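Q: I would like to learn how to read a structure like the one below. Please start with the terms.

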Amino acid sequence: MTLLCFVIVLQLWLAAGIRIFGRSGTSGFVTIQHSQFQLDSSLFRFYGTNAYWLQMAQDDDIDTTFHNIATAGFQVVRTWAFNDVPSKSSSGTYFQILDVNNVTINDGPDGLQRLDNVVAAADKYGLELLFTLTNNWSPVRSTPSSSWNRRQNSAGFPVDTPSNDYGGIDLYVRTFFPDGTHDKFYTDRKIIDVFKNYLAHVVPRYANNSVVLAWELGNDLQCSSTLPASSACNTHTITNWTAEISSYIKTLDSQHLVTAGDGGFYCLGCKKLFATQSTQPTTSLPGPSFDGTYGVDIEDIMAIPSIDFGSLQLFPDQTEYLPAVSNSSAINSIAGESTWVALHSNSAALLGKPEVHTAAAIITQDHYSSFVPFNSSAPLPEGSCGGAQAFQQDYAFTSWAGSKSQWLQNGLTSHGTTFSRRGIKRDLSTSPQDGSGPYVGAANNQNAEQFLASEPSSVSQVY
């Protein structure tokens, strides 16, 4: 009973039961009424996964992936609706070229039309999309890339295409202020106008399409990233930016919900710009997750009128949310995180808005060699040890009410391979990951019934 009350308030990624198509029979937009998500005047409790890389896949592979996601009982897919590059490569998908002299948005078949195909496939399988518009994490790479097709074919779809390889905040800053700090993105009028220009191209494109559940301003917004923060960056910096950008999106699209996309960090006791009620400081909640260190004040952000719901994430391999309780990194990755989720349940009730648990991961020992931290462009050095055991990961996700991070998909077409529905043999490969997605979805030679029979634990094991 406690868990039931908790999830109704927090509106996590929840399974309403295994079914083939999550949106069957609906054409309406998701709304919020009485602090709960609604679809076609009914309570919409959803369960979802992340597949940031969908825009890069060929159409048949997008279809395969969405078929398997829907079959596994998911209703919402969170994916990147941005792809920023510093210059155009000879091939590959990109949405925006960020050049100090000429910013170009690509509406062509290797540009936003790829996102159109993602939307069409999601609609086919009755899925909702949570579109993320930029990323806090965008480390410099020796060879800039944003598409599988820009890599050598020898490795097919390699694992070195993590979620931070699509441009984002730091690329904006490096383009216009080579020596600038990360928070220039939130304060410089030139950068803000360039970002708004991108929004003006993308948001109206889907303003009348109910497949989009909501717009997420950015993934894990913070004061710093690979680029450091200036001494002036604080919670008001990001809160003011969030208020401006979310209000602007509402002028472009009045039908869809908007969320900030921050990781859910607190600033207990800080002066608020919008919130009239907030969680009070306590000695039991010490440290950077609660004192505004990250530049995020989740409760002040949620109180912004143009923000419809809050967000939180859980990545204990990279962030210490609460004080350590053990010498074991695996135990510390699990212990206390349920408290973090419960705190957000209380915040949702306090502010009268739902929250969505948009991403979570615990890296297992078997996948530690593939682990790419958000602030890095490569896996950890060879020989690095760490990670939890599989049963610890299972326990953690169960206690967090089933939140999931990345969907992995096998049976995808390798670069350069021609696909034919007439049976021409394909070279098959697996979608990218950064180490937090150990489950590999079934290839598309299975139908829904075969998939469910062969992967009986898929609903609770997709990360």
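A: Buried means under 20% relative accessible area, exposed means over 50%, and partly exposed lies in between (1.4 Å probe, protein chains only). By that rule Cys223 counts as buried, at 4% relative accessibility. This is a predicted model, in which local features need pLDDT of at least 70, side-chain atom pairs count only at pLDDT 80 or more, and totals for chains, interfaces and linings use all residues. Residues are numbered from 1 along each chain as its sequence is written, and side-chain values use heavy atoms, with hydrogens and water left out.

Q: What share of the residues of the chain counts as buried?

A: Of the 463 residues, 59% count as buried.

Q: How many disulfides does a search of the whole structure find?

A: A disulfide is a covalent bond between the sulfur atoms of two cysteines. Here the term is applied to a pair of cysteine sulfur atoms within 2.5 Å. The search finds two disulfides. Counting bonded cysteines along the chain, their pattern is 1-2, 3-4.

Q: Where do Cys223 and Cys233 lie?

A: Helices (H or I, at least four residues) and strands (E, at least two) are DSSP runs, numbered from the N terminus. Cys223 and Cys233 are joined with S to S 2.0 Å. Both lie in the loop between strand 10 (212–216) and helix 7 (235–252), so the pair ties together parts that are 10 residues apart in sequence. Cys233 counts as buried at 13% relative accessibility.

Q: Is Cys270 buried or partly exposed?

A: Cys270 is partly exposed, at 25% relative accessibility. Its disulfide partner is Cys267, with S to S 1.7 Å. Cys267 is buried, with a relative accessible area of 2%. The link of Cys267 and Cys270 has -55 degrees about the S-S bond and is left-handed.

Q: In what order do the strands of the open sheet of three strands stand?

A: Strands of a sheet pair through backbone hydrogen bonds, either parallel or antiparallel. Two strands pair if DSSP finds at least two bridges between them. The order in this open sheet is 6-7-8, with mixed pairing. Strand 6 (84–85) and strand 8 (104–105) stand at the edges with a single partner strand each, so one side of each has no neighbour in the sheet. Strand 7 (residues 96–97) pairs with strand 8 in the antiparallel sense over two bridges; Ile97 has Thr104 as its bridge partner.

Q: How many bridges join strand 12 to strand 13?

A: Five bridges join strand 12 (residues 310–314) to strand 13, and the two run parallel. Gln313 stands opposite Ala359 of strand 13. Strand 13 (residues 355–360) is mostly covered, with six of its six residues buried.
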